Amino acid sequence: MSETEGKKSKVSMLHIKSHSGVRSQMGLAHKSASRLKVRRQSYGFSGVPGIRPVERTSQVAIEFKRPPLSYLPTYQLEPSYPFHVPTVTKISDELLDENFTGHKYNVQESPALALRLAGELMRKIKALQFSRYRIITVITIGQKRAQCYNNAISFLWDHERDNYVDLQREVNSAFIQLTVFGVYLD
């Protein structure tokens, strides 16, 4: 066997395979090569030129970003200032009394009200500075039209340290459900 017969070109090999009933791979190789050029770059490599990190913030405000860790781990298992349900209930009741009494459901205004109430409630509860708690607020405003409403939220729960506040209000044209979770961070 001569050296030229041993080194057949890829094109001639593909041509031979296509004639023998095996599907040609040339079309697939061309598509995968073009796909590599268009492939989206990863955000995880900051040292690669041309990749800029994306600043991810909350929809409500920038101040809800997690603060940088400024202390060493203490291996503390109990919070120094635990989530206090009566205080959070009082703050939530006052907020609903101020903003939801006399509210008429409107497709444009009600979602904006829910977002504004969630942000305001989050600010007031975070001002209490419950130690090592993640505060989660869920506010739902819906139109009353003789329907049933069920809301389910699930995550891992520590029954000794985690707690929540759940309030509902109704006016003539709308209802609101406000839920505040205090989830302890170990």
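Arg161 is buried, at a relative accessible area of 15%. Buried means under 20% relative accessible area, exposed means over 50%, and partly exposed lies in between (1.4 Å probe, protein chains only). This is a predicted model, in which local features need pLDDT of at least 70, side-chain atom pairs count only at pLDDT 80 or more, and totals for chains, interfaces and linings use all residues. Residues are numbered from 1 along each chain as its sequence is written, and side-chain values use heavy atoms, with hydrogens and water left out.

**Salt bridges**

A salt bridge is a side-chain nitrogen of Lys or Arg within 4 Å of a carboxyl oxygen of Asp or Glu. By this rule the structure has seven salt bridges.

| Salt bridge | Closest N and O atoms |
|---|---|
| Glu78 and Arg161 | 3.1 Å |
| Glu170 and Lys144 | 3.3 Å |

Shared partners join Glu78, Asp158 and Arg161 into one network of salt bridges. Glu78 forms a salt bridge with Arg161. Glu78 lies in the loop between helix 3 and helix 4, and Arg161 in the loop between strand 1 and strand 2, so the pair ties together parts that are 83 residues apart in sequence. Helices (H or I, at least four residues) and strands (E, at least two) are DSSP runs, numbered from the N terminus. Glu78 is partly exposed at 47%. Asp158 is partly exposed too, with 23% relative accessibility.

Glu170 forms a salt bridge with Lys144. This pair links distant parts of the chain: Glu170 sits in strand 2, Lys144 in the loop between strand 1 and strand 2, 26 residues apart. Glu170 is exposed at 61% relative accessibility. Lys144 is partly exposed at 35%.

Three strands form an open, antiparallel sheet in the order 1-3-2. Two strands pair if DSSP finds at least two bridges between them. Strand 1 and strand 2 are the edge strands, each pairing on one side only. Strand 2 and strand 3 (residues 174–184) pair over eight bridges. Val165 stands opposite Val180 in strand 3. Helix 4 packs on the sheet and touches strand 2 and strand 3; its direction makes about 25° with that of strand 2. Helix 5 also packs on the sheet, touching strand 1 and strand 3, and its direction makes about 155° with that of strand 1. Contact means heavy atoms within 4.5 Å. Axes are lines fitted to C-alpha atoms, for helices over the stretch in contact, and angles run from 0 to 180 degrees between N-to-C directions.

Ser110 is in helix 5 (residues 109–127). Ser110 is buried at 2%.

**Aromatic rings**

Rings of Phe, Tyr and Trp (its six-membered ring) pair if their centres lie within 6.5 Å; planes under 30 degrees apart count as stacked, over 60 as edge-to-face and the rest as tilted. The whole structure holds 10 aromatic pairs. The centres of Phe83 and Phe130 are 5.2 Å apart and their planes meet at 50°, so this pair is tilted. Both Phe83 and Phe130 are buried. The rings of Phe155 and Trp157 lie with centres 5.7 Å apart and planes at 20°, so they are stacked. Phe155 is partly exposed at 36%. Trp157 is partly exposed at 38%. Ring pairs link Tyr81, Phe83, Phe130, Tyr133 and Tyr184 into a cluster.
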